[in-house]
Every structure is written in structure tokens, then in C-alpha cells.
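Please read them beside the sequence and the coordinates.

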Amino acid sequence: MKIRTTSSGTARGRRAEPKRLLADEERILTKEECEAIARRIFAFARGGGETQVQIGSWTSGELRWARNRVSLASERRDVQIEIHRLVPDKGAGQASTNQFDDESLESAVRSAERNAAAEHRPMRPTPGLPAWPIGTWPQTAIWSDSTYNLSTETRGEVARSVIEPAEAKGYLSAGYIEAHAGTTMRVSSERPAGPYAVVDVPYSKWTQAQCSMTVRDQQGSGSGWSGLSSYDWQSIDPATLGARAIQKCEASRNPVVLEPGRYTVILEPQAVANLMQVIVASMGRIDAESGGGPWTLAVDDAVQIGPQPVWRTKLGLKVIDERITIDHDPFDPRLGVLPQPWMEPLTFFDKGVLMNLEYTRDYAITYLDKNAPRRGMWGYRMSGGTTSVDEMIASTQRGLLVTRFSDIRNLDGGSLLSTGLTRDGLWLIEHGKISKAVKNLRFTESPLFVLNSIEQLGVPVPVFRPVRNAYEQGIPLTPAIVPPLKARDFSFTSTIDAI
Amino acid sequence: MPTFICQHARWASHRVAHFAALCVALTLASSAAAQTRFAWPDTTVDISKYTTVDLCLAAVQRVREGQIAFGRQGVWRDTMPSDPQEPLRPLPAPVAQAATRCVARFDPRTAKLTDFAQLMQLYLVADRDADSKALLDRRLAAITTKGTRERIAVEDSAVLIYLSVQPRRLDAAEQLLVARARGGADRLDRMALYYRLMDAARQAGDTSRSRRVAKWVVAVADSLTSDERESDKFTRMGSEGGNLVVFAAMFEIVGSKTLTDSLRHSTKAMANLLRTMWSQFTKERPEALPFPLGERAPTITGDFWYPREASGEKHPAPGHVSIVEFVDASRLYGACMNDSPWSAISDYCVSNWYFLRRLSNRFPGLDITLVLGTRGNFLHAPPPSPAEEAELYHNWIDPYHIKGTVLSATARPFWNLPEPDGRRVDKPAPNSVAYSFGKSFSSEQGNGLGGRYLVDQDGLIVDVFFNESATFGFIDALIQREKAGGDRASK
């Protein structure tokens, strides 16, 4: 890593030029560089106490197009250094910088210390408390050189290759390609060289790529969408995605209005993942044991924890179709999980039986005599079957084929009744064949009902589930591997005008 | 050349010369202006220009927070007892000045009535009590004769403001509450209103008022019929029911001084006094007093003792004034401490240790027994065995240097709900069973700080409330009594 710095001889009173500049050939920080920055920050601290440092670096290349013309092509990168100072008899303060020359780092440390003093809340160590447990991190590799090395030129070529076929047919296409890579590390001056405690984050790096596009006809009567996200650009085939979007656009032109009601539906994997998001957000164990959410069973008056009676949950009960198993494996890079010391392979639903719910470290310690939180259903794999979508269509007398859903909102936390819209391709199936395109519909349905009304399941595949800058913001990714499925009696409640 | 042309040429040349001179002057002036040093604009906030009540209230709040922060720089009171007279003292002058300046533009005769609650607070902070009253009267006058609920709501808001603003306006609150109580409220409502006033006066340190109002509470309670005593309204009164409201009022009337005098004679005398008064005013049996005052304190048992030699001793120690404190660790993580070992949020938990330290410093012979039933966890430590957990608690409490303290830890029996639920269900520890009296008094309420008992030299429970000044008086009385020959009732 080359760091270009300016001389410190700037005139007093003049603002110095930014001095943190990464050399062009390197876009993210290495482990050694992060450790060196942390050591320098620790050395700048004055007044004792503890210093915690979080260092992140990222690079992102993106390309956006609309109406068959590229509207944005960018290559960005940044470094984020967050410094927390816990100063005895002063307080706790924080400061951030993205420059890592000595002058800037020292200035940021002083700033954190000034903020600590300004807090007016003297701190002192609470004596006699145990040290943080030391963590062991699973070895995951959500890193792909092909994603990291995806150049601006390549992204342009990819865009051209999917725009040209659409334009040749007189359609309008819009889309987005992104390749993202980053690193993160969080260490404390109490444990500068490890072994790291469970609250630290050893250096880790990751990549994420996505490609998605919409193709519409000039009249605005048909719309096709396709997209995929993955840590590995190699696993995304833009040409196939482009062809699929065009094919869906053509097939969805001139839709007819269909009476809302209960229909057998064939949900493509993307639609399944959209619907499953409602379940993903409901998996909190504390909610279930407080009488909220879909996984609460009933109050058990015979048992008390403290002064309160116990809410029994549906853990251990069969709650969805027994053909469904949903699990999470931190070692599967397709699920995009940054390593955490408490992670382990986890089954949420085992053959339809609810097996695990999410909880915090606080909960684990207090109620389960464990010292590790349990991950929620962020990044999951859903089991499937062997039936292809074509076979599902062929076996359907009357039903609807759904490409995807959008704007899903939960209406009732207990039943997970939700509402949302079909988008980018909805077709009527009659007598085993797609008969016509249908105008989009609003559904009002619970995903739990769908998972209990399954007729057929297909082969699980990764779908489009990107979360931008997830690691910098601390939001877990929600990649999903889900099958297409056919379910009966899915409730559509109104027609909508959007295509 | 014609004259006209020559004159015109002279005139034109003069104009050009003038124009050129003007340009030079402007250029010089503008370059001079460009070299004027930048002066930071006046950013002083003139809160008298604020146009809405909300802005004023926010401004006053900011000044108040600033004053609090400024005060903290000099003194951090975390180890000191709270000052009961604090709510009766005026706010720092800058806060009142800010309110005065900002509220000057609002006339109580014309201000919007929708702003009444906020404006009332501002008037009170600005010491404009008459305007506050005028605004409240306007607000009440705007209520129609049928708007009983609205009237009660407005009066409640006003009472809340009177009882929360600093310094408290207990007179004004009393005036409103008494007017309502005497204006047709039924006996139970009157009792609840009087209790509210008594409690506010007690919390504000106005003991003469709280005692006077307590007499009203007791008088109303004395007139209740048996139906009224069994009504829902009575059993739900206060936080613990009507009988305890009466008991609190009775306690207020008797005062800790009378109880201390009684205690100087004997613990049984004090307990009998309370039981008799309880029975007289609540119409309950004397034995139904829901506090174990005068009961014998059981000997504490333990699996692990710190210091270890304490395992061979009896606690509470015979011949010593003792405190038995149940350490409720059920919510140690989260409620009491955060993840940081530098936590300053732990005041809530450690205030107990500071209180005990003050007691042990003042009364060196005090025997303090901390009682712990293990829970299977201690902060973020790996799940400890009972012995490890006891050790962790000892390590945590020991640095607070509470003299004369022993820690008894008992491995609490528990079971787990069947997997995949697996939740731990604790059973009561033997010591907590021994220190639970009847159905109403449990040593481990499970919602905070656990139970605390003051025990006399003969092993009788003297106090379970631990109002700091009263407790100091009780302990003093017990020590003096011992010097004077001990409990007269036991002789």
C-alpha cells in the first residue's frame, strides 16, 4: 500500500489538503495495513482508558442504464475509520475519519477525547467484572477475484450485450450492474494483537455482485424483469438474464383483466423469496415468548419464570408443509455471511417443524445458560423438489404464474397476513398451458398459508437479494436459495394498473 | 469648427474623465472590500424572537440541560444519597431568565388555548404563577358544562405540571385536587386524590403537608363502608391496593420519629404499634399486616460463603444489628450493565452497594449479609457453575469495600423446559423461601433489587422499607437500646 502524504509545512490557519489517498492499483486495505493503522491510533491515545477502532474499506463499481442508454458509470472507493475513546473520569467519545496519515489520525483521536470530555459523564471501570470471552471465527470465504476485478470496461460490455438485443426488438431496457468489495476489522487497545474477544471483528473481506434489468415495450403494455446477485460475478450470466427479461416482456404484452379471487399459483423463485421476507422478519424468539408474532402458542399458567407466567412457543411443532426445510450454513459463501464467532449451521424449519428462533446474547445468557446469540433467518436455504416450472404449468388446470412480488407489507403480525403486488409478468394458465398475460393483481395472503398449501416444489436456486453496503452498516445480508413452488388457493384481492 | 461642436467635445471629454475616475474609485473600493477580514456573524440566539410556544419550551429545556451538564462537571453524585428537598429548590437563574425572555410575547388572555399545557409550564418556570393560573382558568372556562371528562383531563394536566415543575407548586396542586375532591367526587375517588397529593408532597420533601393530607386519607378511609372496601376501585387504588394506601398514610402520620421512639423500647412494641394502627384503619386483622415487622429473621444458609470462615457463623449475627440483602441477579445483564466494562450506566445497580457502604461506614459493627441464589449466568461470562458464579459476584461486590459484609450463595434448583424450547425455570432458593412471609411478602420479587431486611440484635425484623434517613434512625435507636440494657420486651 502506498500512502501519499503532503508535507506538514502548511501555513498555520490554512486547511490542509486531504492526505489520505490510496494508490490507484489498490482499492481496499489489507490485513497488515488495518493492523498498522490500529496500532498507530492506539499510540496516539492520551489519558489512559480504552481505545476501540473500527476500520473499513470498500470499493464499488457500478453501471446504470435506462431507455437503452447508460446514465451512470462509476468507480468509487473509501476508507472509514471510527475511533471510540473510553477515558477514565471523563467519558466516552467517538470520532471518524477517512484519512490515515499521522496528522489526521492523531487529530481524530484528540477529537474523540474532546467528545469524551464534553460528555460530562465521568467513567470508571466497574471492578470485578469478567473479561469478554475469546471468540473463534468460522472460516468463510465470501470473496471472488472475478467480482473484485470486474472493470468499468467489462461492465460497459455487459450492458451493451443486454441492451442491444432489446433495442433491436424496439424495446426499452433499464438495469443496474454493481461489483462491490470491502474489508472490515474492529479491535480494541485491550487486545491489540489478539486473541480477539467476541465483540471484536478480525479482519475479513467480502465481495458482492448484482445484475438486474427490466425490459418494456414502447407502448408500456408489457414488462419483463430478471436479476441475480451473488458474491461471485462468475455465477451471474447477464446474457441469460437479458434474454429472460426480453422474453417476459414479449409474453406479458397486452394483458387482460382477471377477476380477483383465489387461484392456484406457480411462484417463480424470486416471488417465493419476496414472500418469504415476511417470515424472515418474524423469527424473533423474544417476541414469541412475549405473546407476539406467529410463533406464540399460549400462556402456560403452570410454569413461571420470575413473577410472570410463561408463553409457550411453537418451537418443536409442525407449522408448515413437511416438505420444507429451511436452514442456514455460515460456511456456504452463497449465503453471504461474514464470520462471527457464535455462528454454526442452523435449521429453522426441519421438515415443517419450527426448530429455531432468533435471540440476542442477553437473552441467551439470561434464559438459556448460553453465551451466544442465535442468528435470524438472514441468508437461508429452502429445500425443494424436482418439479420444473414447465411441469408445474402442465399439471395446472387453471392458475396464475407469478414472476415476482413488490411492495409487500405485513398486515397482521400474528398470522403474517400480508399484502403486495405482482410485477413484471403475470400469466393465466389454463388446461396446462399459459393462455394469456394478465394485468397485475394485489394479493392479501399469509406466507404461512402458502407454505401449508404447497402442491409442488422445484429445484432451489439463488435469487436476487442484494443489500447495498450491508457490512459497513452492520445490516446482515439476506441472500436466499429458494425453489419455485405451486400452491393452491392463493388470495388476490384487487386488480392494479401498474405493469 | 462650430462652437456647438467644440462645446460638445469638451463636455464629452469631461464625462469620460468623470466616468474613468468613477471606475477607478469603484475598483479600488471593491478591492479594498475584498480584503476586509471575514468576521464571524453574530450567532447569539435571541430567544425573545421565538414565535411559538414549542420553540420557547425547547429553548428553555436546552438551557436547563446545559445547566445540568455544567453542574455535573463539578460534582458527580452517584455515590451520594438523593436530596429530598431538591424538587423544592428553584431552577438555576439562567433557566428562569430564558423562560422569562421567551415567554414575554405570550399574553395569557390571548394565547391559544391549545398551547395551554406548554405555556403553563413556561409561565411557572418564569415565575409568572398568576399568568399560569389565569391561563388555566381560561382553559377551564372554555369547557362546556357537559364536558366533565375534559375538565378532569385538563385539571389532571395542570396537577401534573404543578407537581413536576421545579420548584414544585404544591399549593396550587393541592387547591385543584381538594376542589375536585370536595366537588362531588365519591369517597374512593377522594381518597385516591388525597393520596396522590400526599405522595407528591412526601416525594418533594414537604413533610408537614404530606402529614396533613395523610390525615385526610385516613379520615376518608375510616368512613368507607365494607362494600366500598371490597370494591375494585379500592383494591386497585395506588400501586398496591387501598389497604396499603391507608398504611402509607398511617406511616406518614405516625412518622419515623414516633416509630423510632417505640423501637427504643422494644422491636415488638414498634411492630405492635404498626399492627394496631393497621387493624384500626384498615379493619383487617392485626396479623394481616403485609410486612414481616417483628417477625423472627431466619438464619441464612449457604453453599458458598465469602469470606469462607463465615460458613461457620450464624447470620444475621446474634447480638448485632444486621442487614440481610437479597441480591436479585435475574436481570443483571441488560438492565444493570451494558457490554462495556467501562459502564457508567451501572449506577442503578451499584447504588445499592453505595447505600450499604454508607451504612457500614457510619455503623462499623453492622453485620451485612448479602444473599444470592445462583442463576447460571453472570454478565457475558461463559455459563458459570454455582461456585464460579458465587466467586464472580464476590469479585464484583468486594471492591465496593462494604465493611462487615459476608456473601452467602446457594445453588438455586432449576429445571429446563423441554427442547427445543430449553428455557431455564428457576425454583425459589431456600433462603428466599425462608424470608417470604405469607402470600404478600416475597424476598425476591424478581423485578429489580430484591428484598432487604433490617434485623435487631435479637433476630427480629425491624424494617423492610429502607428510607435512608429513617433507617439510619432505626439503627441508631437499636444501638442505643443495646447500650441501655437491650430490648425491654424480651426481659
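1. Basis. In E20(A), Ala480(A) is the bridge partner of Tyr380(A). The model is predicted: local features need pLDDT of at least 70, side-chain atom pairs count only at pLDDT 80 or more, and totals for chains, interfaces and linings use all residues. Residues are numbered from 1 along each chain as its sequence is written, while chains are lettered from A and ligands numbered from 1 in the order in which they are written.

2. Strands behind that bridge. Strand E13 (residues 380-382) and strand E20 (residues 480-482) of chain A pair in the parallel sense, over two bridges. Pairing requires at least two DSSP bridges between two strands. Helices (H or I, at least four residues) and strands (E, at least two) are DSSP runs, numbered from the N terminus.

3. The open sheet. In chain A, six strands form an open sheet with mixed pairing, in the order E12-E11-E10-E13-E20-E19. Strand E12 (353-354) and strand E19 (461-462) of chain A each have a single partner strand, so one side of each is left without a neighbour in the sheet.

4. Helix on the sheet. Helix H6 (residues 269-280) of chain A packs on this sheet and touches E19 and E20 of chain A. Contact here means C-beta atoms, placed from the backbone, within 7 Å. The direction of H6 makes about 120 degrees with that of E20(A). Axes are lines fitted to C-alpha atoms, for helices over the stretch in contact; angles run from 0 to 180 degrees between N-to-C directions.

5. Partners of E21. Strand E21 (residues 485-495) of chain A runs antiparallel to strand E7 (residues 262-267) of chain A, with five bridges. Here Ile266(A) is opposite Lys486(A). Strand E17 (residues 441-445) of chain A is also antiparallel to E21(A), over three bridges; Arg442(A) faces Ser494(A) across that pairing. Strand E18 (residues 454-457) of chain A joins E21(A) by three bridges, again antiparallel. Ile454(A) has Ala487(A) as its bridge partner.

6. Domains. Chain A is divided into domain 1 (31-125 + 134-150 + 183-206) and domain 2 (255-499). These bounds come from an automatic or database domain assignment. How far apart are the C-alpha centres of the two domains of chain A? They lie 35 Å apart.

7. Domain contact. Domain 1 of chain A gives 14 residues to the contact and domain 2 of chain A gives 12 residues. On the domain 1 side, strand E1 (50-66) and strand E5 (201-216) of chain A each supply at least two residues. That side has seven nonpolar, seven polar and no charged residues. Ala, Val, Leu, Ile, Met, Phe, Trp, Tyr, Cys and Pro count as nonpolar, Asp, Glu, Lys and Arg as charged, and the others, Gly among them, as polar.

Note on methods:
Two residues are in contact if their C-beta atoms, placed from the backbone, lie within 7 Å.
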